[in-house]
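Open the model in your viewer and keep the selection panel at hand. We will go stop by stop.

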Amino acid sequence: MVHYFLKCKSNQLPLFGLLPIDCMLTNQKDKINLMKLYDTKQAPNPRRVRIFLAEKAIEVESIQMDLQAGDNLSKDYLSKNPFSKVPILELDDGTIISETVAICRYFEELQPQPALMGSDPLQKAHIEMWQRRAEFHFMFPVGMGFQHTSGFFKDRMTPRVDFGEDCIKSAYHFLKLAETHLASSAYLASDSFSIADITFFCALEFGKVINIRLSEKHPNIERWYQQMKQRPSSQA
Ligand SMILES: N[C@@H](CCC(=O)N[C@@H](CS)C(=O)NCC(=O)O)C(=O)O
């Protein structure tokens, strides 16, 4: 019947089609093998998945990877993901899904509520628009700023400090645009929380490592940020 298994917190009855996943789990109890999330506690991309799952009250097994030690460069891991990055999701039959948004998409389809990627065509488009903006214009420069100014991965890449510094400037440019936008919008994509906020939040918190900070220039982002921090999922 189904080739995936989810463990859901008992106070939630998520729907898959018309059947609560809990019911499917009961029927499939003997066969349950939990999905595995290859995860790194300190890294921002796996955190996006963890927050996404926390919002949906879904638990999956977490396999912690030590990136600096090169766990993600091992032969075994590369056989699962030749692109070497975390996170990846491994299903019970060995199927691998890599790329944060693809993993989130999978869970959104399995368990549509609460909708974090939109419910109608326009909302879906706006969320995708802001998710991509937050990812390409903020998360990516923050990540490059980190890699190129910290030397954290100097065993596997050549840090270019000038490039890293330019990336940090680009990240601040996004903050300027987001500040204006959040003056008239409660959340990044619409009036409700979405995956776009998760991406922005994870990148903003990770940016502290390279001293990217909100200031008095960013009161609207600060207001949004405090709202994010109040969500229990922000602990993920
Ligand atoms: N496009 C990927 C990016 C994943 C990514 O960059 N992951 C980082 C951690 S946040 C990583 O695995 N870095 C290890 C390395 O570069 O060796 C996604 O969205 O999942």
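**Stop one: the proline loops**

Select Pro87, which sits in the loop between α3 (75-80) and β7. Helices and strands here are DSSP runs numbered from the N terminus: helices are H or I with at least four residues, strands are E with at least two. Residue numbers start from 1 along each chain as its sequence is written. The model is predicted, so local features need pLDDT of at least 70 and side-chain atom pairs count only at pLDDT 80 or more, while totals for chains, interfaces and linings use all residues.

The peptide bond between Val86 and Pro87 is cis, with omega about 5°. Move on to Pro114, in the loop between α4 and α5. A cis bond joins Gln113 to Pro114, with omega about -10°. Most peptide bonds are trans.

**Stop two: the ligand**

Return to Val86 and show the ligand. Val86 is among the residues that come nearest to the ligand, along with Ala43, Asn45, Lys85 and Thr100. The shell has 13 residues; a residue belongs if its C-beta atom, placed from the backbone, lies within 6 Å. Six of the shell residues are nonpolar, four polar and three charged. In this count Ala, Val, Leu, Ile, Met, Phe, Trp, Tyr, Cys and Pro are nonpolar, Asp, Glu, Lys and Arg are charged, and the others, Gly among them, are polar.

**Stop three: two positive phi values**

Select Glu99, in the loop between β8 (96-98) and α4. Its phi is positive, near 85°, and Glu99 is not a glycine. Next, pick Ala57, in the loop between α2 and β5 (58-59). Ala57 is not a glycine either, yet its phi is about 55°. Most residues other than glycine have a negative phi.

Are these residues buried or exposed? Buried means 20 or more other C-beta atoms within 10 Å of the residue's own, exposed 12 or fewer, partly exposed in between, with C-beta atoms placed from the backbone. Ala57 has 19 such neighbours, so it counts as partly exposed. Glu99 has 15 and is also partly exposed.

**Stop four: the core**

Select Phe52, Phe200 and Ala203. They have the most contacts inside the largest nonpolar core, which has 46 residues. Such a core is a set of buried Ala, Val, Leu, Ile, Met, Phe, Trp, Tyr and Cys residues joined through C-beta atoms within 7 Å. The largest share, nine residues, comes from α7.

Finish on Phe200. Beyond its neighbours within four places in sequence, Phe200 is in contact (C-beta atoms, placed from the backbone, within 7 Å) with Ala134, Phe138, Ala178 and Leu188.

Technical notes. Contact = placed C-beta atoms within 7 Å.
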